[in-house]
Amino acid sequence: MELGWLLWGAAVLLLLHVLMELSPAVNFALRIGFYSLLCLLASALTAPVCLLVNGGRTVKNMRIIKTVVKTFKYFFGLRFEVKGLENFKVEGPAIIVSNHQSILDMMGLMEILPDDCVQVGKKELMYAGTVGLIIYLGGVIFINRKSTSSAKIVMAEVAKSMATDNVKVWVYPEGTRNCTGDLLPFKKGAFHLAVQAQVPVIPVVYSSFTSFYNPKENLFTSGKIKVEVLPPIETKGLTADDVSDLTDRCFRIMRETLFRLSGSPS
């Protein structure tokens, strides 16, 4: 009986391997499925550790979460080449902005996440099973993107807590995933927050994933991701009237860096 199950198991694994080799769609679906399962299982195992070590919801849990997620890259053959980490070493709070490409961004985020840094994410993530639980425990700030007034209230509270708790805040100014190899126009919320709190903006750019990850083409293979943390942009003395210029300046710098890191023509 046991031999029969082993033979059936071996046959299924062999069939999956053949299908992955023959069909990009099957390969993509299985790798995404494995990634999703890995996230759920890792979150379920890490949540009790966070509760035992830190007692509940706190940004300190991000150290534990970061340690776990940094192992994910080995399962998918991803390599990171990072430059400019010294630019995170600013005194006091800061706003970190980066490009947002896919569900794989979590691995890139945890690869370089500085201490005492919370992320801003969409409210829907709270309901993503054990993943929602672990990011809640990590102190992620949830925003209802469908309600502008609600988002503004949350961001105003974030500005106050930045000064009180001395934390950095990580925001994706594009507002949604964008795996085109370019940037979407930036929303101004993060830049209003930086000016309101009079804290620097630190741009972070990840090279395009399109050479190894593209859902439209069922592409998901191994690859290298270049990451660059750019010098902080000061906001001291700026007012609400300067937010548009600050947003445009950051967009231009990050777009030029994206093309350079990706080896794409500007």
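The model is predicted: local features need pLDDT of at least 70 and side-chain atom pairs count only at pLDDT 80 or more, while totals for chains, interfaces and linings use all residues. Residues are numbered from 1 along each chain as its sequence is written, and side-chain values use heavy atoms, with hydrogens and water left out.

**Helices H2 and H6**

- Helix H2 covers residues 24–54 and helix H6 covers residues 129–137; helices (H or I, at least four residues) and strands (E, at least two) are DSSP runs, numbered from the N terminus.
- The two helices pack at an angle of about 35 degrees, with their axes 8 Å apart; axes are lines fitted to C-alpha atoms, for helices over the stretch in contact, and angles run from 0 to 180 degrees between N-to-C directions.
- H2 passes H6 in a left-handed crossing, a term for a near helix turned anticlockwise from the far one by less than a right angle.
- On the H2 side, the residues in contact (heavy atoms within 4.5 Å) include Cys39, Leu40 and Cys50, and they meet residues of H6 including Val131, Leu133 and Ile134.
- The residues of this contact divide into 10 nonpolar, 3 polar and no charged; Ala, Val, Leu, Ile, Met, Phe, Trp, Tyr, Cys and Pro count as nonpolar, Asp, Glu, Lys and Arg as charged, and the others, Gly among them, as polar.

**Spans annotated in UniProt**

- An unreviewed UniProt entry places the feature "transmembrane region" at residues 35–53 and 125–143; such annotations may be inferred rather than shown by experiment.
- Residues 35–53 are 100% helix and 0% strand, and the end C-alpha atoms of this span are 26 Å apart.
- Residues 125–143 are 47% helix and 16% strand, with end C-alpha atoms 10 Å apart.

**Cysteines**

- The whole structure has 0 disulfides, a disulfide being a pair of cysteine sulfur atoms within 2.5 Å.
- Cys39 counts as buried because its relative accessibility is 10%; buried means under 20% relative accessible area, exposed over 50%, and partly exposed in between (1.4 Å probe, protein chains only).
- Cys179, at 19% relative accessibility, also counts as buried.

**Loop residues with positive phi**

- Asn166 has a phi near 55 degrees, a positive value in a residue other than glycine.
- Asn166 lies in the loop between helix H7 (148–165) and strand E5 (168–171), and at 44% relative accessibility Asn166 counts as partly exposed.
- Gln198, likewise not a glycine, has a positive phi near 55 degrees.
- The loop between helix H8 (189–197) and strand E6 (201–206) holds Gln198, which is partly exposed with a relative accessible area of 30%.
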